[in-house]
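Here's a quick tour for anyone meeting this structure for the first time. Take a look at it, then read on.

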Amino acid sequence: MSLSLDPEINELKQLTHYVKEKYDYDFKEYAMSSFKRRIKRILDLYKFKDVDELITALDTREEFFEEFISEITVNVTEMFRDPTFWKALKEHIIPNIMLNHNKISIWHAGCSSGEEVYSMCIMLKEMGMLDKAKIVATDIDRGIIQKAKNGVYSAKSMDTNKKNYLRYEGKFALEDYCREVNNEVLMDKSLVENVSFRKHDLVQGSSFSKFDLVLCRNVMIYFNQTLQNKVLHKLHDSLFKYGYLAIGSKESLIWCDIAHKFVVVNNEEKIYKKIKD
Ligand SMILES: C[S@@+](CC[C@H](N)C(=O)[O-])C[C@H]1O[C@@H](n2cnc3c(N)ncnc32)[C@H](O)[C@@H]1O
């Protein structure tokens, strides 16, 4: 198979400009190196000679745009990803929120195929709090949101999920929350009865509600610093005062211009608390 050449910066600029004008999605401030890798992958996968051919496909086949979005975004995720993070939620963060409330509102921003959401629901159920929770789960990728809603995963992917759940020290077994049919695992849908799965773009969309806890994990890692800063403003806006923000283990907000509006609650697990409006 002949592979495409690496896309040039000016070609990437032309592409992001085109996508913004035609589809109103803005990838201009995504981190350049990973964005470039994803575009190169699309060129090779669809056998486009160059970025011009990709633009022509986007122009002539609007239905291709959803595939393009799925290819641009990185959807890697796991249940109970970073088990010590989930332990911190279970032992400190959720009990702290519930000290002053009898309800809890949670936003999963960039929820991918939903493993993070099912983890949250399993954790809350084991804490006897699932019926007190209102959860919104969003992602820019419509296809991946549908996958999250369906809650059907490959049996193979469950190996990692089960290991994570064990390390998290869940009360039961992950198998208690799903059943296996033909090499696929079907999650128990009653877990996500109170979850609203929606498409939402963190770049173009605005904050739409207030939450006690916002998880935006392993999403901003694909944005440049300017965009991370803008998105962190929206996440801050979306939190009640004294609400909690959780980001990915390789992410940070200490350098951003609203860092002083948060305190660090758990530095290893990247959990912050909003202390100023
Ligand atoms: C690597 S996954 C992270 C999934 C999960 N939060 C976790 O930590 O396992 C990143 C997700 O961010 C989503 N994403 C990327 N850009 C986005 C944007 N502008 N708005 C909302 N979601 C976005 C992607 O579609 C992808 O599903």
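Which domains does the domain assignment of the chain give? It gives domain 1 (9–72) and domain 2 (83–274), with bounds that come from an automatic or database domain assignment. Keep in mind that this is a predicted model: local features need pLDDT of at least 70, side-chain atom pairs count only at pLDDT 80 or more, and totals for chains, interfaces and linings use all residues. Residues are numbered from 1 along each chain as its sequence is written.

**The two domains**
- The centres of domain 1 and domain 2, taken over C-alpha atoms, are 28 Å apart.
- Ten residues of domain 1 are in contact with 13 residues of domain 2 (in contact means C-beta atoms, placed from the backbone, within 7 Å).
- On the side of domain 1 that touches domain 2, helix α4 (residues 64–72) brings the largest share, three residues. Helices (H or I, at least four residues) and strands (E, at least two) are DSSP runs, numbered from the N terminus.

**Helix α9**
- Helix α9 (residues 225–237) has 13 residues.
- Its buried residues are Gln 228, Val 231, Leu 232, Leu 235 and His 236 (buried means 20 or more other C-beta atoms within 10 Å of a residue's own, all placed from the backbone).

**The ligand**
- The ligand is surrounded by 21 residues, and the closest are Thr 73, Thr 77, Gly 110, Ser 112 and Leu 202.

Technical notes:
Near = placed C-beta within 6 Å. Contact = placed C-beta atoms within 7 Å. Expected span 1.5 Å × (residues − 1). Buried ≥ 20, exposed ≤ 12 C-beta atoms within 10 Å, placed from the backbone.
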